[in-house]
Amino acid sequence: MAARAELPRTPASLIVSRGRYSSWLTTSDHKRIGILYMATSLVFFIAGGILALLIRAQLATPNEHFVTRNGYNELFTMHGTTMIFLVIVPFWAGLGNYLVPLMIGARDMAFPRLNALSYWLFLFGGIILYSSWFAKGGAPSAGWTSYPPLSDVPYMPDHGIDLWILSLHVLTLASLAGAINFLVTIHRLRTPGMTWMRMPLFVWSMEVYAALLVAVLPMLSAGLTMLLLDRQVGTHFFLPAEGGNALLYQHVFWFFGHPEVYIMILPGFGVISEVIPVFSRKPIFGYTAIALSSVAIGFYSMLVWAHHMFTVGLQGYLQGFFMISSMIIAVPTGIKIFNWLATTWRGNIHFDTPMLFALGFIAVFVIGGLSGIFVAAYPFDWQAQDTYFVVAHIHYVLFGGSMFTVFAGLTYWWPKIFGRMLDERLGKISFWLIFIGMNVTFFPMHMLGLLGMPRRIYTYSNGGVWEWYNLTSTIGSGVMALGILLFFVNMLKTARSGARAVNDPWLGDTLEWYTTSPPPPHNFDSVPYVSSPRPLRDLRRRLAEARA
Amino acid sequence: MARFRRVLLCVALLALGVTTAAFAGNGGLAPPAPASPNADNIRDIYWLILAICVGIFVLVVGALVLFIIRYRSRGRPREAEGPQVHGATNLELAWTAAPVIILAVISAFVFWKVSDLGATSGLPASEANAAKQEVTIDGHQYYWEFVYPNGAISVDKLRLPFDKPVRLTIVSHDVAHSWWIPALGGKLDAIPGRRNHTSFRATKLGTFPGQCAELCGLLHAEMRAEAKVLPVDEYRAWVQHRASPAGRLELGKETFTGVCAKCHGLSGQGDVGPSIASNPLLGNGAGLATIIRNGTGKMPAVGQDWSQNQLNATIAYLRQHFHQGGSGGG
């Protein structure tokens, strides 16, 4: 607990290097690395989004031949891998990078050079994945989960899968180094007075995000390594014909894969816990409950992995166990939602764009959470597993959940990061297009799943309702894409020409609003002593009292 | 302006709801009409959870919309703070306990319904103890092969006796597949190296579609299946006929449609694989058998595990239909 503001030495980030471009290439400033992370992940977001639009174009009508069978399998494999490993996880690493030192009153991350290494590994991991389009046999096509034996050499001898494995190995190293950096930073560099229970809730969520990454990434590495050895060295961990066990991979993968879902959503919860109180002009309701529920979610997320495997023929008692553990997670998640609602109660609610995304998030995330109860009930999951019902569920959680909170976070901290205000009118239009488009795209997928449409099929021959739902979904994806396009236009337009932002345009609660917008390389000239979770509000009150 | 937007949203949502309801005969608002007690029980679970979830959704989103309308700023400046409420222990305990109770109810209901799954659910004890029809389902890239107790074989079309207990053994010898006929119940994976079992009873006559639900490669979408539920007499007659020499040509035809045609086209014109119509290899019975058994180039060893009978039946069908000069009589 020896968190002290005075660092013993000048952080590497304060050694300012010259050169408009070279300074970005050599930077170890957490803010610049954060911007690089977020910008790169948004570029990959566009790439993954284009892949998604191609998928929806192919599925718009029955017996469509817009893309080839193999092309379709490549599309959904790359779309899933991109959005999970190159967009959401690194975006949180970027936003966390930018905000965690500022929120805890530190000058930089604990290990600035390791931080730079994390970013560059992430970038190269992404480039490796996308280079697979040019590999022999094209991009990987076994889905983002790449189950063997399908992903093993006898069935996919080409190099797409090998590059997929290499890319994920590199990304795993990047995330692991980043996560350790977050943990050390949060544990060691908090400013005087900032006890655990005075930490911003976003920092709490980044703590659990990082701890989960450290806990489960080695499991992914192990699984990928076994798959690589199977493919390249002639081992047979997963080849039953040679005495291996195909199911082992699924256990290993999902032991990583389910916590990964919470890795993608917890920082988003953190963003919402920052945005809602500031725009409701109230303190967060139940700070302790929200902080501890993140820890509880993190813990239980490691006990639910086999709910992805209800159809593999597990023993009945195991299915019962994983149903109950999965349902338990709904409790801390519910606590958060009730607390956010209570925070708006009797508030003075301002509907700026960040708040719209935060409130929109609650509405759609509730749907994603509730459909999670359906699929946790394992007999029903025997029907829903591997159908569009599950596709709907994950997109309500990952788009309605994670991406809405990404947009909320971006619009909320944009003035701090760039010193410019976003265009509110464009922001609101893009919110409504994204909100409506998102529901039109993903809601009909529940029905498609119940009708019996499996995921990962490149076409279907049923007309009638199948076609109507698919067509509706494709139209929705176009509306959503338009909204996202406007969002990007807004960012590009205002980055240079937007209205100047003051230090604290939203009257925030946390330390990042104390410094200038954008902050200087050393972040703070001085940091006020922290005596509550809302140091900036305390400061404003003290100033008002002094004036009076 | 803010009010106008809300009205707009309500109209949009309502329109979506109405359109949805309009083309929803059984438009995907629930799993398909059940044709077995298993599927029936699963649907019950679905309805219970749906009812509870709709209730929760209305409550939560209702509160959200209410608070948004009631507590909007209405021109109040940002400096005007709401009441500085930090929490309320009893309220928080209540909204922790309530979900626990709801989830416990759902879990209890699920366990109760699960105990009633299986082939014999709802049958009197005398019938329940009768031997089940044992059918083995073997998932292949990209077809389903069914083996009946007397050795009869069918491809992609499963025949079932009406209202008789059936036990399926689901296996695969290549990649993972997933066996699923929505009307008959949940899916169960065919995973190489494992033997999965499921029991059920079909209680409706008719043909029920389904398809492979686990990504199994290039033609995953084409790996469709159907279950034909026949009256018991008809089922017995069919199984006997299929196992006899007289059923050989039908087996050959079914195998061609299920196995060969997915890559080579229904009239052998070629698609993923080359054209087989009037291919010279058809004249070479032994060469054809080798290719079907072992595969060649991109063609998988589709007939690796086939019985001699099935192989012969397929070759006979191929030659009869596609070999030059091999007209009707073969």
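Trainee: Which residue of E10(B) is the bridge partner of Arg159(B)?

Mentor: In this predicted model, Arg159(B) has Lys228(B) as its bridge partner.

Trainee: Which strands form the open sheet in chain B, and in what order?

Mentor: The order is E4-E10-E9, with mixed pairing.

Trainee: What makes E4 and E9 of chain B the edge strands?

Mentor: Strand E4 (157-161) and strand E9 (206-211) each pair on one side only. On average, neighbouring strands of the sheet are turned by 25° against each other, direction ignored.

Trainee: Which helix packs on this sheet, and which strands does the helix touch?

Mentor: Helix H5 (residues 232-243) of chain B touches E4 and E10 of chain B. The direction of H5 makes about 130° with that of E4(B).

Trainee: Why are H6(A) and H8(A) called roughly parallel?

Mentor: Helix H6 (residues 201-232) and helix H8 (residues 287-300) of chain A pack at about 10°, their axes 9 Å apart. Angles under 35 degrees count as roughly parallel, and H6(A) and H8(A) are therefore described that way.

Trainee: Which residues make the contact?

Mentor: Among them are Trp204(A) and Val208(A) of H6(A), and Ile290(A) and Gly298(A) of H8(A).

Trainee: How many residues of the contact of H6(A) with H8(A) are nonpolar, polar or charged?

Mentor: The contact has 9 nonpolar residues, 3 polar and no charged. Gly298(A) belongs to the contact, and Gly counts as polar.

Methods. Residues are numbered from 1 along each chain as its sequence is written. Chains are lettered from A and ligands numbered from 1 in the order in which they are written. This is a predicted model: local features need pLDDT of at least 70, side-chain atom pairs count only at pLDDT 80 or more; totals for chains, interfaces and linings use all residues. Two strands pair if DSSP finds at least two bridges between them. Helices (H or I, at least four residues) and strands (E, at least two) are DSSP runs, numbered from the N terminus. Axes are lines fitted to C-alpha atoms, for helices over the stretch in contact, and angles run from 0 to 180 degrees between N-to-C directions. Two residues are in contact if their C-beta atoms, placed from the backbone, lie within 7 Å. Angles under 35 degrees count as roughly parallel, over 145 as roughly antiparallel, 65 to 115 as roughly perpendicular and the rest as oblique.
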